[in-house]
Amino acid sequence: MDESEQRRTPRSRFGEWLFQIFGPPTVSGAIQGHSPEARAAWKRRVEEERAARRSKDT
């Protein structure tokens, strides 16, 4: 058993579990940065989703 395995106590596993719940948000495919192209693409996607919801409701 190496040193890192010896240091893995139940407390460290509990901390890892808390980090998974309350840690920084992680989203696959998230837009990184604030480029004008990314914002335009986001606006298009949001509008497409709204239009799809409107047509579904009618």
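Trainee: What makes the contact between glutamate 49 and arginine 45 a salt bridge in this predicted model?

Mentor: The closest N and O atoms of glutamate 49 and arginine 45 are 2.7 Å apart, and a salt bridge requires a side-chain nitrogen of Lys or Arg within 4 Å of a carboxyl oxygen of Asp or Glu, so the pair of glutamate 49 and arginine 45 qualifies.

Trainee: How are glutamate 49 and arginine 45 placed in helix 3?

Mentor: They lie four residues apart in helix 3, which covers residues 36-57, and are therefore separated by about one helical turn.

Trainee: Why is glutamate 49 called partly exposed?

Mentor: Its relative accessible area is 36%, and because partly exposed covers the values between under 20% for buried and over 50% for exposed, glutamate 49 falls in that class; arginine 45, at 40%, is partly exposed as well.

Trainee: How many salt bridges does a search of the whole structure find?

Mentor: The search finds two, and one of them joins the side chains of glutamate 47 and arginine 54, with an N to O distance of 3.5 Å, which is within the 4 Å limit. Glutamate 47 is partly exposed at 38% relative accessibility, and arginine 54 is partly exposed at 48%.

Trainee: What makes phenylalanine 22 exposed?

Mentor: Phenylalanine 22, found in helix 2 (residues 10-22), has a relative accessible area of 65%, and exposed means over 50%, so the label applies. Phe22 also belongs to a nonpolar surface patch with Phe14, Trp17 and Ile21, and together these residues have about 490 Å² of accessible area.

Key:
Residues are numbered from 1 along each chain as its sequence is written. This is a predicted model: local features need pLDDT of at least 70, side-chain atom pairs count only at pLDDT 80 or more; totals for chains, interfaces and linings use all residues. Side-chain values use heavy atoms; hydrogens and water are left out. Patches are made of residues with over 30% relative accessible area and no salt bridge: like charges are joined within 9 Å, nonpolar side chains (Val, Leu, Ile, Met, Phe, Trp, Tyr) within 5 Å. Accessible areas come from the Shrake-Rupley method with a 1.4 Å probe; for residues, only the protein chains shown count as cover. Helices (H or I, at least four residues) and strands (E, at least two) are DSSP runs, numbered from the N terminus. Buried means under 20% relative accessible area, exposed over 50%, partly exposed in between (1.4 Å probe, protein chains only).
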